[in-house]
Amino acid sequence: MPLAELIDRPQMLSRAAARTTTSLVTRRGFHATRARMSSPYHYPEGPYTNIPFNPRSKYFGIGFWSFMATGFLAPFGIAVYQTYKEQ
């Protein structure tokens, strides 16, 4: 490499680094701006709004544990059925 290219290289790298740092600063911070509710694809934010059930309802515990028990016991029930099934 010629000597002139080696001398210009640090300056070229510093320009790229300066471009990167300024572009990071000019980006919009999504955590700092208010969400627009006019969009049909945006829903309310906050605790308990992103789940399809209400954990504060009276019968939540019964529904939750029945759902969990069904998911846990289903493979065992299927295995028993397959074991005793006629060939």
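This note sets out points on the fold, surface and aromatic residues of a predicted model.

1. Basis. Local features are reported at pLDDT of at least 70 and side-chain atom pairs at pLDDT 80 or more, while totals for chains, interfaces and linings use all residues. Residues are numbered from 1 along each chain as its sequence is written, and side-chain values use heavy atoms, with hydrogens and water left out.

2. Overall fold. The protein chain contains 2 helices and 0 strands; these are DSSP runs numbered from the N terminus, with helices (H or I) of at least four residues and strands (E) of at least two.

3. Helix H2. The 25 residues of H2 (residues 60-84) should span 36 Å at 1.5 Å a residue, and the 35 Å between the end C-alpha atoms agrees with this. The expected span is 1.5 Å times one less than the number of residues. H2 bends by about 40 degrees at Leu73, with Pro75 following within four residues. The bend is the angle between axes fitted to the seven residues ending at a residue and the seven starting there.

4. Of the 87 residues of the protein chain, 0% count as buried. Relative accessible area under 20% is buried, over 50% exposed, and in between partly exposed (1.4 Å probe, protein chains only). The accessible surface is about 8,700 Å², with 65% belonging to carbon and sulfur atoms.

5. Tyr48. This residue is found in the loop between helix H1 (3-26) and H2. The phi of Tyr48 is near 70 degrees, a positive value in a residue other than glycine. Tyr48 has a relative accessible area of 46%, so it is partly exposed.

6. Aromatic residues. The whole structure holds 4 aromatic pairs. One of them joins Phe64 and Trp65 edge-to-face, at 5.0 Å centre to centre and 80 degrees between the planes. Rings of Phe, Tyr and Trp (its six-membered ring) pair if their centres lie within 6.5 Å; planes under 30 degrees apart are stacked, over 60 edge-to-face, and the rest tilted. Phe64 is found in helix H2 and is partly exposed at 31% relative accessible area, whereas Trp65 is exposed at 59%. Phe53, Phe60, Phe64 and Trp65 form one aromatic cluster.

Terms used: Accessible areas come from the Shrake-Rupley method with a 1.4 Å probe; for residues, only the protein chains shown count as cover.
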